[in-house]
Structures are given as structure tokens and as C-alpha cells.
Amino acid sequence: MVDIPAILSPADIESWDREVDVAVVGQGVAGTCAALEAHRAGVDVLIIERASGGGGASGMSSGIFYLGGGTPVQQAAGYPDSADEMANFLMASCDPLDPNATRNFCNDSAAHFDWLEQQGVPFERSYFSGKAVYLLTSECLMWTGNEKTWPYNLAARPAPRGHKVAGTGENAGAEGMKPLLQRCVDEAIPAIYDSAVIALVQDSDGRIVGVRVKQTDGILHIKARNGVIIACGSHNLASDLLQEHLPLLSETSEPLAIPSNDGAGVRLGMSAGASTVAMDGVIPTASIYPPAQLIKGIIVNANGERFVAEDVYHGRLANFVMEQPGQTAYLIVDNDVFAYPEIPSAKHTLVDGWETIAEMEAGLNLPAGALVATMDEYNADAAAGLDRRFHKQADWLKPLDNGPYAAFDISFNKSTYLFITLGGIKTDTYGRALNLYAQPVPGLYVVGASAAHIPRTGKAYASGLSLGPGSYFGRRAGRHAAGADWG
């Protein structure tokens, strides 16, 4: 049973402790951008943050914004891009729930990059050409999705769109949040911290008119004349929601989350009649690279069969691994390709080495003849430079014919797959929360990871499709709640 807070009516409130035009619940990147835009549109804004300061999971992220359409960074790197090409890719790969919202994101993407820079978010005019899950350096532009992967490379001209903030280390996102948070301080946008919104207030017309806030020393009731913008983050730690919607997560799955990612935003939206979508969407990752040479190996399941091109985005690969028989998968390499996966959190185990494929097949207890047949087909294709089965790019094709051979166990229930959830409240292009029939819940907006992402599954995800759309739709929600036009 999913725990949903009770909705309150104005009659339940003896008196309002505070009245504002727009209440923004959460101060990660989506909430911060919403607050800035609403405030600049001339309305009275209050930020309500559960933690002791702003930043949220955005500040703990690797700091990648998925943006395109011809940003200055793309131009500096020599990669032409357009809103049309970006939309073609996202429409083909993500099958978005709201194509109009996705198209607006693409149309405004380059301008949104400019806006972020104007707020002080730092981006270098630099490009990383290699294959990486995240960068520890300050380089900016990188390939973060399936743009070069078949069949999406037929739907749109491939272009890198991951724009990483100019910070170093695994949590470069902090360098992106600092200037945004400072803008809120500079513009004197009020905020209260250590304050958890535990219920929404909904009037007899179904309009959200306020919130109940729990603080360490008591309860506050805050009236929001124009509306409430929920930006509480994901439900990565919500065990009830995970058990109901993501039963394939294993005991070795670990959430990428901060303590407040318990689904509060999703629960609040549900309490007001908003609908959830894509709740079975998840992006798991336990990348086989770096080093990139391992992509030249093949990945097989318990039937000894390949099931995906090995050069796909690591989240797409992980989703396929999660769905294999027994969640079992092995990375097979020969002597030329052999190396140890370098991401320690994945915990991929070297099973053993063998002189022949037939010996490996027996050692892994695969069906007789299956791995030998798989390898014969793959090696013939690799020698010809064309992977007929899954269209792996030619750069990563190499016959695996130089023994000895080795296998790494990358099974979903044995390696450590880190994950974030992709589902959430159904919303429109203004961030308005929608009910089952796609009608707005008056006065309620949901943005960031509390809302459903553009990609419905990890097979469609690209790094940056949280911070990029989160910040963009946060801005749109802020302006709409303030009664201001967009653009």
C-alpha cells in the first residue's frame, strides 16, 4: 500500500501563518529556477526546503545538462545541431508522453543554455571525445546518450548534447547550483529551511491554495494565492513505490539519492488527484567502461545469446541486462581486448579465463553450442565490418579470435547497479500537474524529478535529461504560476 498524505481543505486551517503568491517546495535545480522566474515576474515567492540548505540532489550530481539546438559549446566543438535534429532524436528514442513539451524543450534549448550562463552557471568551451559515464575534469561537451546508436542515428544526425558544468570530481553539479542559489540570495527571495511540506490544501473547486509545513518546533500553514510548485526530487528511496512499480530491482541495486528522495513530491501530487506515469521507468547503471576497449567485447545472457549492441549508452545496456533470463549477463573478451572495468562501484567480477570458446561455454554452464554459434556469427560480422544483428558501430567491431578468453559477470543481481527513477507526476509543458484525463489540477505544478521524465525508460535516457529539462520546465512553471507569458 502506497502511503499518500491526506488532503486538507481550507476549513481545516484555523489561520494562515503566511500568505504568498507562489510557494516553491524544494530548492534543487528545478525549484530554484522556478523561484527565480516567478520572482522576476513580479510575484511574492516563498521557497520551502526540507534540508538545511538548498542544492538538493542536483548539487550532488555530476552536473550534466542535456541541451542542444546549436549551443555555443556545440558550435565551438564543431558539431552543428538544430532544434529539429534534437527533437528528431528525442522523439525517436524516448517516445515522450508529451511531444509538445519535448518539442518546446528542444526549440528553447540553446536559449536555455544562454540563460543558465547568464545566471553564472559555468560551462567551458571544451569537448571530451571519449566514452565516459562521468568526467572528473572540467571539460564540457560530451556524448551522453544513444545519439550514435542504431536505429536512432538514422532518425537524426548525431550530435553530443551533454553539457557538463565546469567543476571537477564526481559532484560537479555543486558548481552549477552555487550561482543559482546565490541569485536567490541576491534577489532576496525568501526561503525557509528544515521545513517539510506534509500536506496540500485544496478548496472545494479542486484548486490547490496552500500547504502544511512541518518544522522542528511546530506546524505552519502557508497560503499560496497563485499556486504551489512541487520540486521535491525523486522517489529513489520510496520502498513502497519501488516494490509496487519496479519489482526487477535486486538486492544489489543501490539508489542514487539524498535522504529526502523518498517520493514526497509524488505522494503530494497523488493526494491532490494528479496522475502518475512511467512509474516502471528506471535508469540503472553499472557501466562496463572505462576502459573503452571493453566495448569491443560482446555481452551474452544465460542462453549464450547477445541481446544488445555493446556500444549503447550504459543505462540502455543496464536495462536490457535487468530484463534477461535470471538477470544473468557476461562480458566476453579475448586477449587483445582484456582489461578490468574501472568503475569500482559496479563490482563486476572476473569469472575465469579459458583457452577456447567451447571451454568457456562449458565453464559458464551455457547451453551446448550456443556461445560458439554466437561467437562465430559475431566474428564473421566483425571481420566484414558490419554487425548485422544489432548494428554495433564499426569503431567498436573486432573479431574476438585471439585467445585466451575471459568472462566478467555483469549480472544485474550480482553486480552493483546504481539507479534513479524516471516516473512521477504527469505534467504538461507548463509544469502543471495533470489528472488521469490529462486535465490540470488547478494551482498545482510539479517539476524536476517529482515529475515524469521525458524518457520513459532507461533504454531511452541520456545523462543530463534530469538537470536539463528539470531546470527548463522549472522556469516555465515559475512564469506560468506568476501569470507571466513564456518567451
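Salt bridges in the predicted model

D262 counts as partly exposed, at 22% relative accessibility. This model is predicted, and the values that follow are computed from it. D262 forms a salt bridge with R50, and the closest N and O atoms are 2.7 Å apart. This pair links distant parts of the chain, 212 residues apart. D262 sits in the loop between strand 10 (254-255) and helix 9 (264-271), while R50 sits in the loop between strand 2 (45-48) and strand 3 (64-66). R50 is also partly exposed, with a relative accessible area of 36%, because that value falls between the 20% cut-off for buried and the 50% cut-off for exposed.

Another salt bridge joins E187 to R40, with 2.7 Å between the closest N and O atoms. E187 lies in the loop between helix 7 (173-186) and strand 6 (191-192), and R40 belongs to helix 1 (residues 29-40), so the pair ties together parts that are 147 residues apart in sequence. E187 is partly exposed at 22% relative accessibility, and R40 is partly exposed at 35%.

The next pair is R389 and E377, whose side chains meet in a salt bridge at 2.6 Å, N to O. R389 is in the loop between helix 12 (370-384) and strand 16 (405-409), whereas E377 is in helix 12, so this bridge ties together parts 12 residues apart in sequence. Both residues count as partly exposed, R389 at 46% relative accessibility and E377 at 29%.

Salt bridges can also join into a network: R306, E310, D387 and K392 are linked in this way. In total, the count for the model comes to 23 salt bridges.

Note on methods
Residues numbered from 1 in each chain as written. Predicted model: local features only at pLDDT ≥ 70, side-chain atom pairs only at ≥ 80, totals over all residues. Heavy atoms only, no water. Salt bridge = Lys/Arg side-chain N within 4 Å of Asp/Glu carboxyl O. Helix = DSSP H or I, 4+ residues; strand = E, 2+ residues; numbered from the N terminus. Buried < 20%, exposed > 50% of the residue type's maximum accessible area, 1.4 Å probe, protein only.
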